[in-house]
Amino acid sequence: MNHPTPLLALRDLVVEFDTMAGRVRAVDGVSLDVFPEESLALVGESGCGKTVTALSILRLVPQPPGRIAGGSIRFDGRDLLALPESGMRAVRGRDIAMIFQEPMTALNPVFTVGAQLGDVIRRHQRLSRREARKASLALLEQVGIPEPGRRIDEYPHQLSGGQRQRVMIAMALSCGPRLLVADEPTTALDVTTQAQVLEEIRRLQAEYRMAMILVTHDLGIVAETCTRAVVMYCGQVVEAATTAALFSRPHHPYTVGLLDSIPRLRETRLAELPVIPGRVPDPLQLPAGCRFADRCPRVSAECRVVSPPLVATADGGLVACYHPHP
Amino acid sequence: MNRPLLEVRELRKYFPIRGGLFRRVVGQVKAVDGVNLQLVAGRTLGLVGESGCGKSTLGRAILRLQEPTSGQVILSGEDITALPRQALLAQRRQMQIIFQDPYASLNPRRTVGQAIREPLDVHRIGTLAERQQRVTELLDIVGLRDSVRDRYPHEFSGGQRQRVGIARALALNPALIVADEPVSALDVSVQSQVLNLVARLQREHGIAFLFISHDLAVIQHVSDEVAVMYLGRIVEHAPAASLYREPQHPYTQALLSAVPVPDPARRRQRIVLAGDVPSPARPPPGCAFHPRCPRARDRCRQERPELASTAGAPAGTRVACHFPGTEDRETD
């Protein structure tokens, strides 16, 4: 890959949470790069640390009980973890924007769509109320809200789920960010609405020439939306590759298992779906060595001693496994 | 074809909308609006549709967990919509339900052994020792160790809790299980474990399933037949293989094409539907799908199509559309 410098670089990120039962490392030494204008998928099952990783980029991990305990997050050369809170507020929205899974909880129910959009715009740009309203209308139109002139004066509860997510996207785009962090943006939506919203996100990402991190558990969405993917398991990166390589030649046994086991539309129905046996280990009692060892068909004695490091593969990706698939 | 185990005739479930000073009924949400279904013993019917289409309400109305507004549900030849409360309870032994969120449906203060035994206690089946023995069997059937019987629901993962929910549904040897989004709350690697279990139960125990899901890929793995619902009505009902290969209704086609495919090399033609699902309180006249349908013509706006077999479609396919067919026909 001939990408010059990454727009965003995470190095050895560690995020911990204090729980009643003890301290949990939700993110344990995650390193990844996001290059300008690329769309990177952060994929894994619930509890793998993908959302916490995404939240830490904007320093939105609730604290307490959470805490970024180590590592660095560099955006465009600046160390975000070293910024004062005021500096971080300027980054949020303007440089890096985020959209969430449930737009109803991310929007304020007592203000109109136009008021909330205008508020975000005026926070980062010197515009009059009238100019901000005009800009809001243009944004609503751009994200495909029907009848933007009417919708702008409505409240979030008057909109459908898909329209709310479009309003969130309009808000995220309002200041022309260079990086969009989208955390399961379509998980709460129906498939036909999901298809509309994903199409919109893809179009706008290209139009605004933004980089994007798409957090998802849905490998179908990864395949259709992202150019590169990072697979997480138990707080760690287990594999990173271009989407094409990941789907045609996955190296990590977890990735292989995940790709095999997802229910997907097939030509004919299978008698038995392949499964990954067992379950994700308890984050309070993580095994020594590789965290996937207990579920892995390729496990050997050495896997249980020392965690495999992330190493380069022949096809330009990364994998953390002693016995990767060729 | 055998006599159906379950027959649903013109089933309707309306919810009143109240408004104004005296909370008068000002409208009806037609959650289920005239559904006809048949299910043969030991087979699985997948019921698919998007949120708000009435699929869960239909499942509950069939079990009379929600009283239907009108219509009939005939289970093993008996019209259960006409049964008095007491007789209904006895019939309930034949029909069970599995819910989406097994955590919400299990009492946190009772051990899973007690939860699984509860239906046997309610229906006073066997002696206590026999019931305990049955719990052991049920745990084994769903792939849980007998040692877990004294543990509480919070000690289990989502997948294991769903196995407990399934074991409880199996306790009375039902002929029919309504499974309402049973894997939607589970992680992908666990989903397939539970789906395999459902398929095995159907095979080995001859249980008929009404399997409700919004996920067409999930439905495909368990269903012999599939019914697609839109705004309270069934728009297409077909043998599973035909529905996935040759969908006839434009809505089914759009649904299928909207499923993200985990294969970056395969780019499909996608039918992106315009707009949102209309409110079931104010369904559009004629065919309810017409405002979003790429094939809609004048007739669709006026006349509601009935579910019927159609020329050129595979055997057993019934579709509610004035212009059904696999290829895209442009409107004139």
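A salt bridge is a side-chain nitrogen of Lys or Arg within 4 Å of a carboxyl oxygen of Asp or Glu. By this criterion, a search of the whole structure, which is a predicted model, finds 45 salt bridges over all chains.

Figure 1. The side chains of Glu207(A) and Arg203(A) are shown joined by a salt bridge, with an N to O distance of 2.9 Å. Both residues belong to helix α8 of chain A, and because they are four residues apart there, about one helical turn separates them.

**Figure 2. The contact between chain B and chain A.** Chain B contributes 43 residues to the contact, and chain A contributes 43 residues. The size of an interface is often given as the accessible area lost when the parts come together. Between chain B and chain A, the buried area is about 3,700 Å², and carbon and sulfur atoms give 51% of it. Val188(B), His221(B) and Pro262(B) supply 18% of the area that chain B buries against chain A, more than any other three residues.

**Figure 3. Polar contacts and the chain B side of the interface.** Between chain B and chain A, the count of salt bridges is zero, whereas 11 residue pairs are in polar contact, with both residues at pLDDT 80 or more. On the side of chain B that touches chain A, the elements giving two or more residues are α7 (188-205), α8 (216-222) and α10 (250-258) of chain B. Of these, α7(B) gives the most, with 11 residues. By class, the residues on this side of chain B comprise 20 nonpolar, 13 polar and 10 charged.

**Figure 4. The largest pocket and its lining.** The largest pocket holds about 1,100 Å³ of space. The pocket is lined by 45 residues, and those closest to its centre are Thr187(A), His217(A), Ser184(B), His214(B) and Asp215(B). The lining consists of 17 nonpolar, 16 polar and 12 charged residues.

**Figure 5. Two cis peptide bonds in a loop of chain A.** The peptide bond that joins Gln63(A) and Pro64(A) is cis, with omega about -15°. Pro64(A) lies in the loop between α1 and β4 (66-75) of chain A. The peptide bond from Pro64(A) to Pro65(A) is also cis, and its omega is near 10°. Pro65(A) is likewise found in the loop between α1 and β4 of chain A.

**Figure 6. Positive phi angles at Asp12(A) and Ser76(B).** Asp12(A) is not a glycine, yet its phi is positive, at about 50°. This residue is placed in strand β1 of chain A, which covers residues 8-19. Ser76(B), a residue other than glycine, has a positive phi near 50°. The location of Ser76(B) is the loop between β4 (70-75) and β5 (78-79) of chain B.

Note on methods. Residues are numbered from 1 along each chain as its sequence is written. Chains are lettered from A and ligands numbered from 1 in the order in which they are written. This is a predicted model: local features need pLDDT of at least 70, side-chain atom pairs count only at pLDDT 80 or more; totals for chains, interfaces and linings use all residues. Side-chain values use heavy atoms; hydrogens and water are left out. Contact means heavy atoms within 4.5 Å. Buried area is the accessible area (1.4 Å probe) that two parts lose on being put together, summed over both. A polar contact is a pair of N or O atoms within 3.5 Å; within protein, one must be able to donate a hydrogen and the other to accept it, and residues adjacent in sequence count only if both atoms are side-chain atoms. Ala, Val, Leu, Ile, Met, Phe, Trp, Tyr, Cys and Pro count as nonpolar, Asp, Glu, Lys and Arg as charged, and the others, Gly among them, as polar. On a 1 Å grid over the protein atoms alone, a cavity is a set of points where a 1.4 Å probe fits but cannot get out, and a pocket is an open set with protein on both sides within 12 Å along at least five of seven lines; lining residues have an atom within 4 Å of a point. Grid points are joined across faces, edges and corners, and a volume is the space filled by probe spheres set on the points.
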